[in-house]
Amino acid sequence: MPGIFLSYRNIERSYAPMLVDRELSRRFGPENVFQAGRSNLPAVHFPTEIDRWVDECDLLIALIDRPWVGEDLRLLREPGDWVRREIARALEQGKRLLPVLLDGAEMPRTAELPADIAPLTRNIALRMRPRTVDTDLLRLIGEVERLVPELVLATLMDPAPPKNASGPALLRAEHEVLPFRHRRELGLLAEWCSASAGPPVKLVVGALGAGKTRLGLRLAAQMRGSGRPGGLLSVTARAECLDRLGEIGSPCLVVLDDAEARPAQVRAALRSLAAAPQAPARLLLLARSGGDWLDGLRDDADDAVADLVDRIVPLSLALPRPAEEDFATACGAFARHLGLPLPPLPSDRPETPTLLELQAAALTHVLSPDAPLDRPLRRILGLERAYWREAGTAFGLPVSSDRVLAEVMAAATLFGADSEPEAHRLLTSLRAFRRGPLYAVDSCRDFLRTVLPGPAPLNPLQPEQLAQEFVAEFLDSDHRLADVLDGVSDEQARRALRNLGRCLERHPRISGPVEDLLAAAPGRLLPLAMTVLPSVPQPQLLVSAMSGALGRTPQGELTAVVDALPLRSDALARFAVDATERALGARDAGAGDVTTARLARRLSVRLTYLGERPSDAVEAARSAVRTLSALTVAESARVESVAAGSVDAELAEAYAALALALDLDPSSRDEAVAAGETAVAQYRALPGGDRHGAALATALHNQSIRLRRVRAMPVALAAATEARRLVEPLHAERPTRFRSLYADVLDNLSILTHLTGHPEEAERLGRETLALRRALAAARPDAYRSQLAGTLFNLGLLLTENERKGAEARHLWDESLSIYDALSVRRPGHYDEPRDRVRAHLDRRKADHDD
């Protein structure tokens, strides 16, 4: 175990050993700091214990005061002196040593010290003085973290759950009531942890109740059993403490549960590992899905992080089903843990869809043998409410009605708190405490620490399925959440929205109360809700509530909602159109300003993305072009500062949007080509840089496709070639960010190369495109599988011209068709046209072969 050894001469003559011990113990845990006056227990053999701690420590801190380098130097020359013995033993074993000079003491000269401890003088020392002690202690802690990052890891892990837990706390995965059921995934992850090479990050995905946490706990226990640290990262761990994860020199495992809801911690850990590719540390991410939340990490400004994320291949866990003997096993385990007699088992095992509900039924049976076993989570909640009433009375809560207790528990579960001030503001905003005595909130805090223990200032009811059952019942009872909004931070509101979004998946009936909450402060909450959608496995119900709240949003707040929309999101596609249209309709039609033009352009882009209402998309883009063209005439408009850049950049994007909207109508091809040409010219006039270079490459790529459609092959090929020239260095420098655009450009270029009579080069480009598409689809199948299917079809077309490659072409088309078939199940009718095209070519190829 990593540890700190404090070496000092006499604890009674200086404040420093006790003060340093207190601060280091507070930061790293008292079990990781050895201070003889505190750590040595009665009846232990002092020399043996000192030697053991020196042998096991990772850092020896030598506290050197003035007597240490004065009259005490004669003691250091004695072979049996304990200070000399400690330092010499540490130096002999190559331990890290950190001298700390107290109260103006100076480092002794090398010649003054015995030879076995003289190397101590080569270490750079820190200083500590009474007048700067607070700053000096912070500097000391920082230096310890730098020298022994393993200590940081030890303090980041969640502690073992208390053995005296009772009630629903026993249902948490950490208590492992049911024996761990073997899963092949454990062996795969154990091999990954022990491998000396390979990716440092793994992602395990599975639905709520799939056993992700149990799997992570078991893997961490195996690591610890082999002498390597490992455990679940605490939700309260500061993200900056993970910055040194890559510097840990020995193998270790950090398990980050519910990863999609903890982006700051995930990003910090990834950046540290990306900066140290040879580090032996392993990061296991557990999440409900590997969807949109990973995209934000793929767009990280650090390319090494983006590349690390791009190589993550999710490992999926199936939902385990209860076995015949599980109910009896759980009843026996609960009875033993609670010290209760095991009641006779019912003749019929309760039918429960998940292991958690089976355990809830078993716990209900042990605690209340005569209670029905249907709806076990609701039965557990009934028992919990009785416990809350008793505890509320014991803690002297001035108001302990069921309604007040439910409000307190819901606030803690939904909003939580990351700091004591956040907890205080939340609780004082509850109706029960607004005009009550000051001691009431303190009593409530004591109550919550008892009934909802955990590492944070306010902890949720757990496990999550039970919390969702409680929240749904709470909202069914006409409780209002909006009353506390003034007392919560944005992070607390975001946490509540994420919890509600997940709750909607199991309890869609609460959509009305969720909409009411969003509508209470839509300008604030709708943008926050957008940020939590990636961490909600099935976001459609939350988006539906957001759409309802949008209809109740004041006109003055609509533009802020639109500005917060992500550039692309399938889940928000229709919401984005509705929000943009509403914001545009709320503005003065004759205003003629940049904001109005930008809204019109965004509406056009969003309608085009959906492929709906093409005439409205065209008209919105034309409106943006007219407004921005007029603004460029006025010199004052040229210097107007706007969020998206200059008016010139806005005008280029408006022409690009117009061309894309016109593409939806085959009868407008000539006009689309003209608009696309203007867009290209506008982008060429803008300053360079990644943003405008990528925009110009995109405009050239789209224009090349239009020119190909009107059979202007030489010009189309020139545009495609230039697009490749622009995007190739961008892709080389930042492959994760520009891989999709590069694949698009190469795909189009391969077709044009083939049409202009260069089949071998076309095939080479097609195969390069396919490799890119496969990488994209592996990282993000929900976004890129349809494009992979299209590239498979295109490459198959190129290969059919070579009879020797006809079998490979059919194989590519078969794969393309299977992808389109799978996509059609999720979105019926959306992929009919490309699927039918692939099927027709396969049928024709088969008929030709049969003939």
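## Terms and basis

A residue is buried when its relative accessible area is under 20%, exposed when over 50%, and partly exposed in between (1.4 Å probe, protein chains only). This is a predicted model: local features need pLDDT of at least 70, side-chain atom pairs count only at pLDDT 80 or more, and totals for chains, interfaces and linings use all residues. Residues are numbered from 1 along each chain as its sequence is written, and side-chain values use heavy atoms, without hydrogens or water.

## Aromatic pairs

The whole structure holds 6 aromatic pairs. A pair here means rings of Phe, Tyr and Trp (its six-membered ring) with centres within 6.5 Å; planes under 30 degrees apart are stacked, over 60 edge-to-face, the rest tilted. W388 and F470 are edge-to-face, because their centres lie 5.6 Å apart and their planes meet at 80 degrees. W388 sits in helix α15 (residues 376-394) and F470 in helix α19 (residues 464-476), so the pair ties together parts 82 residues apart in sequence. Helices are DSSP runs (H or I, at least four residues), numbered from the N terminus. W388 is buried, at 2% relative accessible area. F470 is buried too, at 1%.

F793 and W813 form a tilted pair, 6.0 Å centre to centre with 35 degrees between the planes. F793 belongs to helix α35 (residues 781-799) and W813 to helix α36 (residues 806-826), 20 residues apart. F793 is buried at 6%, and W813 at 2%.

## Helix α17

In α17 (residues 420-428), E422, A423, L426 and L427 are buried. They line one face of the helix, because they fall within an arc of 125 degrees seen down its axis. The arc uses directions from the helix axis to the C-beta atoms. These buried residues pack against α16 (402-414), α18 (438-451) and α20 (490-506), where contact means heavy atoms within 4.5 Å.

Methods
Helices (H or I, at least four residues) and strands (E, at least two) are DSSP runs, numbered from the N terminus.
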